[in-house]
Amino acid sequence: MPGFNPELFAAMADMIYKKGGFDINQLKSQEARSVMAETARIINSGVSSSLPEDCPDALRYALENNAFIFSGFKTFHSMREIGLSMVTDRGTVKQYEDFKKDVQRINAHYNTNYLHAEYYHAVGSAQMAARWNEYAKDGDRYDLQYRTAGDSHVREEHRLLDGITLPVYDPFWDKYFPPNGWGCRCEAVQVRKGKYPLSDSADSMRKGDNITAGVKQQMFRFNPGKTLKLFPPKHPYYKVPNEVKKVLNERSASYERNYKKYLELLHDNDYTDVTFDAATGGLKATHRRHNFDRNKGWYERSIQNVGYKNGHSVVLGEEPQDIYKQRSCEGHWDNRLFEVAGAETASPNNIRNALKHCASKPDTAIAILFFPNNNFSVENFLAGYAKYEGLKKTSQYKEFELIYCIQGEEIVQIKKPS
């Protein structure tokens, strides 16, 4: 299993500490998104290695999307625990050094112990989901037989299911198609009809119910191939306040939109470098008639990669050269037209001028400021933005929906004009 980057978790914890505690809006922060992406990356690495090369796109997408969703809910619980760990038994905020020790403990729980089990469960679920997909194609031509790994490590309750043989459409497989617990290595295999006597369906179901009677085991009563999910739909991570569901559902909706756009552009000969990131939900693509500036074209490529790695859709569009005086935007950032401007000196005047450049394209909804010399500062940005605001009621001003500041490989500032 790939290792989890502890620096990302520490950065998220520092953000919570500096804010004085955890609140749900922090799920939208760059720090939280990075932890979610790291979790999804690790789980999906197991999924990718487990699925056959000819796995249908719909199945692969559904499983990767489930890992993406799971990572968001898991991150919420770890953030909530971080927030609770800040406070002493007396209700005072802990000293930072004591807080850091708690964070290391929480990180070990979530991103070593728990993630290890989750990773290997995802591997097993992906393998069995792919098998179910193949079994479903054959319909009832074969029966299915439950088999354990057959060694001394098999848990006794799973051994009770070993050898159960039933038709593929029997309801037993809706609940007890493997894996049936953390670390479960059981499988269901196709067997020729008539080679083995059929088990009693009701008795088999009772056995399954008995071995999963515990509260922690009941959640595994699902079929990953039928539900197209790696993790149980009733996993405790999914028990969250409605406000959390709203934030994470918005994130999931963005993932789905970007994936649909990815499939659309993947089959469009006008676009190249069409790529989707299953860990972040990011999408990037470039129109073949996009014009990169000879000297500064790397600005566009840089911001495209940063946006893509942070879960945004960044499509560099067509820029026709044969239409008189047409001033085209660079393309679409999350389906809204955007323009890029370099802020090389990063002085307030330079930032104002960069915003003026973005405003010179009348259709610009999102302004992207790129700082190629790694000299961004919040103070200078706000001063430059104030200077730009001074241009209101002139032809040089346009109110943007959003302003992103990008430096290196990070989005360092997001401004939503009020």
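This note goes through the aromatic rings of a predicted model.

1. Start with the overall count. Across the whole structure, a search finds 33 aromatic pairs. A pair of aromatic rings is described by two things, the distance of the centres and the angle of the planes. Keep both in mind below.

2. Look at F22 and F76. Their ring centres are 5.8 Å apart, with 55 degrees between the planes, and the pair is tilted. The two residues come from distant parts of the chain, 54 residues apart. F22 lies in the loop between helix 1 (6-18) and helix 2 (30-50). F76 belongs to helix 3 (residues 57-85). Is F76 buried or exposed? Its relative accessibility is 4%. Buried means under 20%, so F76 counts as buried.

3. Next, take F70 and Y237. The centres of these rings are 5.1 Å apart. Their planes meet at 55 degrees, so this pair is tilted.

4. Now find the cluster. Which residues form one aromatic cluster? They are Y61, F68, Y255, Y259, Y262 and F276. F68 has a further neighbour: R251 lies over the face of the F68 ring, 3.7 Å from its centre.

5. Finish with a lysine. K284 lies over the face of Y308. Here the distance from the ring centre is 5.0 Å.

Technical notes
Residues are numbered from 1 along each chain as its sequence is written. This is a predicted model: local features need pLDDT of at least 70, side-chain atom pairs count only at pLDDT 80 or more; totals for chains, interfaces and linings use all residues. Side-chain values use heavy atoms; hydrogens and water are left out. Rings of Phe, Tyr and Trp (its six-membered ring) pair if their centres lie within 6.5 Å; planes under 30 degrees apart count as stacked, over 60 as edge-to-face and the rest as tilted. Helices (H or I, at least four residues) and strands (E, at least two) are DSSP runs, numbered from the N terminus. Buried means under 20% relative accessible area, exposed over 50%, partly exposed in between (1.4 Å probe, protein chains only). A charge sits over a ring if NZ of Lys or CZ of Arg is within 6 Å of the ring centre and within 35 degrees of the ring normal.
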